[in-house]
Amino acid sequence: MKLIDKRLFSAVLGAAFTLWQPAQAAEPVRIGVSTYLSGAGAVFGVPAQQAARLQVEKINSAGGIKGAPIELIFIDENHGVDNTVVEYRSLVESGKVDAMIIGLSSSICLAVAPVAEQLKMPTMLWDCGTERIYTDAKYEYVYRTSDYTPSNNVATALYMLKLMPEIKTIAGINQDYAFGRDNWAAFRGAVQALRPDVKIVAEMFPKLGTSDYSTEISRLSALRPDVIFTTLWGGDMNTFVKQASSRALFRNSRLVAANGESSMQQLGKAFPEGAIVGMRGDSWAFNPAMAGSAEHRAFVTDFEKSTGAYPSFPSYHMAQAVRAVQQALETSWDGDRKTLQAALLKGWNGLELNDFTGQLKIREDHQAMEGQLLGVATEKSGQNFKTLKQLLVIPPELTSPPVGVKSDDWFKTLSPEVLQRVGTPSE
């Protein structure tokens, strides 16, 4: 019997081994995500991180996207704007990410957006609300799935004026950076256009991360305005409300919190009764209009089981951004790594997305449009935190300037007649 040629034997054995190798998993779609993971903003940022992980787990357990799992890489925004930009640039330039989901803070978004354009990196802004992103520049690579300052604050003004036609005086307390100042400007501009007789008696801008609001509370107590308007958020909102409540500030003034929903669970029964509350969109875990939605019930149930709390609007905002990546790739990507980023941009252009409690649409300036849900805080038997009554969803066409029109110019076109187009809050 002839001996088998060793080289032939080795080749055959190698081929057989290759054929029997287990199938390799597809290369993951890597997404960088920035949010607050520490500091006062973590009460917003960590639940949002948890929402991102839950969405990705769900996608991956179903086989990923075109067979590719999603992998998340997180950046802590609490380390500052400059550090976030450095980490963003590092992830992109090293080729470690295919896309970025950026920005709980408006200052982060304003700093990152031009860098994203320079590096040609598909970037979704998931929460920051500043209007300046798309009024100060145009972007090819930067989109936003959350609402922005005009829509949230104009809706809050409309709801307040509808519910409180007798209002005469307003004071504002908002954080001293882009988000706080832009919010106040939008709310004040809408009120002055719709009810020029209402008087603004104070405009306060404490620093981000303030721990002592005694000076502001003393001044507000002396002024006794009909309404105290705020877009304080996270730890700042919780600290202010606790300190103000201990001094009975809200006995004589009604709190109007355009994004206050996120603090309702955290503050429990300390949240002021009768406060007017918004949620920067139409996403609320207890929205009765969504009681029949199995998808929404599953999101709320999974989140509560995982975290011990119910999702608030920051978590919905993050879920929207992740789902926007998923939908864009599922509809526009052919599975080739070389076409992934182009597919994302194509899928985000004009995207219409079910955001669990409504429908959002990204318009031609890359800004998402969605309804605004507001209500009044009230006790609920058997629940250790307040709920909302007198709910009303205000459509985006009543709350947002047209594409290319700045809010200041748009406010000049508003008239009291707009209030007649707003529905009546339900009981």
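Tutor: Axes are lines fitted to C-alpha atoms, for helices over the stretch in contact, and angles run from 0 to 180 degrees between N-to-C directions. The model is predicted: local features need pLDDT of at least 70, side-chain atom pairs need 80 or more, and totals for chains, interfaces and linings use all residues. Residues are numbered from 1 along each chain as its sequence is written, and side-chain values use heavy atoms, leaving out hydrogens and water.

Student: What makes H3 and H4 roughly parallel or antiparallel to each other?

Tutor: Helix H3 (residues 81-93) packs on helix H4 (residues 106-119) at about 25°, with the axes 10 Å apart. Roughly parallel means under 35 degrees, so H3 and H4 are roughly parallel. Helices here are DSSP runs of H or I, at least four residues; strands are runs of E, at least two; both are numbered from the N terminus.

Student: Which residues of H3 meet H4?

Tutor: Val81, Val85 and Tyr88 are among them, and in H4 they include Ile108, Ala111 and Val115. The residues of this contact (heavy atoms within 4.5 Å) divide into 10 nonpolar, three polar and two charged. Nonpolar covers Ala, Val, Leu, Ile, Met, Phe, Trp, Tyr, Cys and Pro; charged covers Asp, Glu, Lys and Arg; polar covers the others, Gly among them.

Student: How do you know that E1 and E2 pair, and in which sense?

Tutor: Pairing takes at least two DSSP bridges. Strand E1 (residues 29-35) and strand E2 (residues 70-76) have seven, in the parallel sense. For example, arginine 30 has glutamate 71 in E2 as its bridge partner.

Student: Why are E2 and E5 called edge strands?

Tutor: The open sheet runs E2-E1-E3-E4-E5, with parallel pairing. E2 and strand E5 (142-144) each pair on one side only. The twist averages 20° from one strand to the next.

Student: What leaves one side of E7 and of E15 without a neighbour?

Tutor: They belong to an open sheet of seven strands, E7-E6-E8-E9-E10-E14-E15, with mixed pairing. Strand E7 (199-204) and strand E15 (387-394) stand at its edges with a single partner strand each, so one side of each lacks a neighbour in the sheet.

Student: How does helix H7 run relative to E7?

Tutor: Helix H7 (residues 178-194) lies across strand E6 (169-173), E7 and E8, at about 175° to E7. Helix H8 (residues 214-223) also lies across E6, E7 and E8, at about 170° to E7.

How values were computed
Parallel < 35°, antiparallel > 145°, perpendicular 65-115°, else oblique.
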